[in-house]
Amino acid sequence: MNRSRRLKLQIFRVIVLLVMGAFFLVPMGAMFEFSTRGNSATAPRTLEAWANIIKTPDLVDAIIASLELAAITSLAMLLLLLPTMVWVRLRLPRLNRIVEFLCLLPITIPAIALVVGLVEISRWIRINISDSILMLFLFYLVLVLPYSYRALDAGLAAIDIKTLSEAARSLGASWGIVILRVIVPNMSSAILNASVLAVAVVLGEYTFANLLAYVNLQVAIAYVGLTSATTSIAAALASLLFAFALLMILSFVGRPRRQRGVISAGKTLAPVQLVPAPPRTR
Amino acid sequence: MTSAGLPAVTDTAARPTWGGRRPPLTWLGVVPFFAYVGLFLLLPSAIIAAGSFVDKDGNVTFQNLTAIAQPYIIKSFVNSAVISVASALVGAIAGAILAYAVATGNPRGALRRVVTSASGVFAQFGGVTLVFAFIATLGTVGFVTVFLQDRGIDIFRNGVWLYELSGLTLIYTYFQIPLMVLVFMPALDGIRPQWREATESLGGSTWHYWRYVAGPLLAPAFLGCTLLLFANAFSAYATAAVLITQGGVIVPLQISNLFTSETGQAQPGLAKALALAMIVIVTIVMTLYTLLQRRTSRWLR
């Protein structure tokens, strides 16, 4: 590459990164600025809006509910998906394609469309099983299916589960032990990946909760926004930073494994959550 | 991800029992999964599909589908298409430029890691949060609005456009660009510097390189990713629901109006027909995306 072209490329890169950086960071800064405003234009900066988050009972309830839902959903996802995926790979390989197809199917069904079919099921659950918001986990499982499947699939592809399980079985381990004590420890980063993605999806979910008439975190934030813009912006920023922290931890936890030289140089270092599917939180 | 040897080996192991008595335990292992998927994915899909052809009294009808032809519904489809196409195009172009700026740098550098991680995070940005971020930025008393006003620039001289379709399109680009970076980067990584050198050694200019080498190679990937972004915007509901509080300007809002309707005007049949139409459109777009991705992966890696 000649010198003038290299210089031109550098200038191009700097300009692009500056413009994009501004486009993405200014709204974040603006949220912080907005959330610390006082009551009038001349009032001093205040953290009142942030304090209001915990003073608003609806918001606190919704935060707790969403955190519980996130934990339940990711646990249920692991319980449902992991044994099935291992089992299908080992004993029923002919079903592999069907399981994959079903797990990725939700990608082609917009959440707002799916919820139309779920409302009657939700009504039945509310009447016959429980009215609790925590029952939403049954629906959230569908939303996280494609992400979790891809994450776990990548983890299972990286280890030789056939040899591992045959070795364990020949030493007398039951299937439960094989999955819990042999396979799970060997794919811990994929499991972490799948769980964090599930948590991120659940914490940002609005469509299902709103249309099935449950108040989760996002619904509560939108609702508070009708009366106090500053409080809801503070809450939105807080929930956002929480999700950011989770996903950032994820993208750094996933790294040491790769640095051990499993993947050749030049191969993309993208975080493992790279899922070419439209996110489900909008 | 089945390795070539895996099915064969297990098949032979299972063969003796096949046709005779297959141990039922083997199949029991997948019952929970299929039961769940059947109840919460296939059943609702069936409810939507069946409900589209049934009227309020349970009679078979095509009325729900013909009702889509009403002007106000057609309008919402047009609006949905316009904002999806606009935000997909803007997102795809800007995202591709950003991806190129990153891909031309050190493949193991910090910049690349930060941008890809940040893209992963921003692409997950929830709709509600996004709306409040833009209200704080470009709302009537938003940070940027006020900042520019103090300098004599009124961005809302022709009315407040943030709460309309143009505002929605702008907000959509905020999640479209990072998604584009994530899905387009692998294609850019597949471009080898040798190809440029080869072009140059044959006397080709930068223009020739982009027009005859990199352009045609990247075109299917770019088109495919643009389709993905289209589907992404087309399916989005939360952003619009929080930003635009009244009326069914786009299809997702129309659906939620038709099925929750507070005035007792709920038309569940029509809501299901619209849901079905959305699923069909997104399925077609995603199928095209998959086909184009497959084409790209032929020369990638």
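**Figure 1. The overall make-up of chains A and B.** In chain B, residues 24 or more positions apart account for 74% of the contacts with a separation of 6 or more; two residues are in contact if their C-beta atoms, placed from the backbone, lie within 7 Å. For chain A, 77% of the contacts between residues at least 6 apart in sequence join residues at least 24 apart. This is a predicted model, where local features need pLDDT of at least 70 and side-chain atom pairs count only at pLDDT 80 or more, while totals for chains, interfaces and linings use all residues. Residues are numbered from 1 along each chain as its sequence is written, and chains are lettered from A and ligands numbered from 1 in the order in which they are written. Chain A has 13 helices and zero strands, and chain B has 14 helices and zero strands. Helices (H or I, at least four residues) and strands (E, at least two) are DSSP runs, numbered from the N terminus. Buried residues make up 45% of the 282 residues in chain A and 42% of the 301 residues in chain B. Here, a buried residue has 20 or more other C-beta atoms within 10 Å of its own, an exposed one has 12 or fewer, and a partly exposed one falls in between, with C-beta atoms placed from the backbone.

**Figure 2. The kinked helix α3 of chain B.** Helix α3(B), residues 31-51, has a kink of about 40° centred on B:Gly38. The bend at a residue is the angle between axes fitted to the seven residues ending there and the seven starting there. Among the buried residues of this helix are B:Phe33, B:Val37, B:Phe40 and B:Leu41. Their cover includes α3 (57-90), α4 (96-104), α5 (111-128) and α6 (137-158) of chain A, together with α14 (268-299) of chain B.

**Figure 3. Where chain A meets chain B.** The contact takes 83 residues from chain A and 77 residues from chain B. On the chain B side, α3(B) gives the largest share, 11 residues. That side divides into 50 nonpolar, 22 polar and five charged residues. Ala, Val, Leu, Ile, Met, Phe, Trp, Tyr, Cys and Pro count as nonpolar, Asp, Glu, Lys and Arg as charged, and the others, Gly among them, as polar.

**Figure 4. A:Tyr140 in the largest nonpolar core.** The core has 164 residues, and A:Tyr140 is among those touching the most other members, along with A:Val144, B:Ala99, B:Met180, B:Phe184 and B:Ala275. A nonpolar core is a set of buried Ala, Val, Leu, Ile, Met, Phe, Trp, Tyr and Cys residues joined through C-beta atoms within 7 Å. Leaving aside neighbours within four places in sequence, A:Tyr140 is in contact with A:Leu69, A:Thr73, A:Val202, A:Glu205 and A:Phe208.

**Figure 5. The loop residue A:Ala213.** A:Ala213 sits in the loop between α10 (207-211) and α11 (217-225) of chain A. Its phi is near 60°, a positive value in a residue other than glycine. Most residues other than glycine have a negative phi. A:Ala213 has 13 C-beta neighbours inside 10 Å, so it counts as partly exposed.

**Figure 6. B:Leu258 and its surroundings.** B:Leu258 lies in helix α13 (residues 251-260) of chain B. With 23 other C-beta atoms within 10 Å, B:Leu258 is buried. Leaving aside neighbours within four places in sequence, B:Leu258 is in contact with B:Ala266, B:Gln267, B:Leu270, B:Ala271 and B:Leu274.
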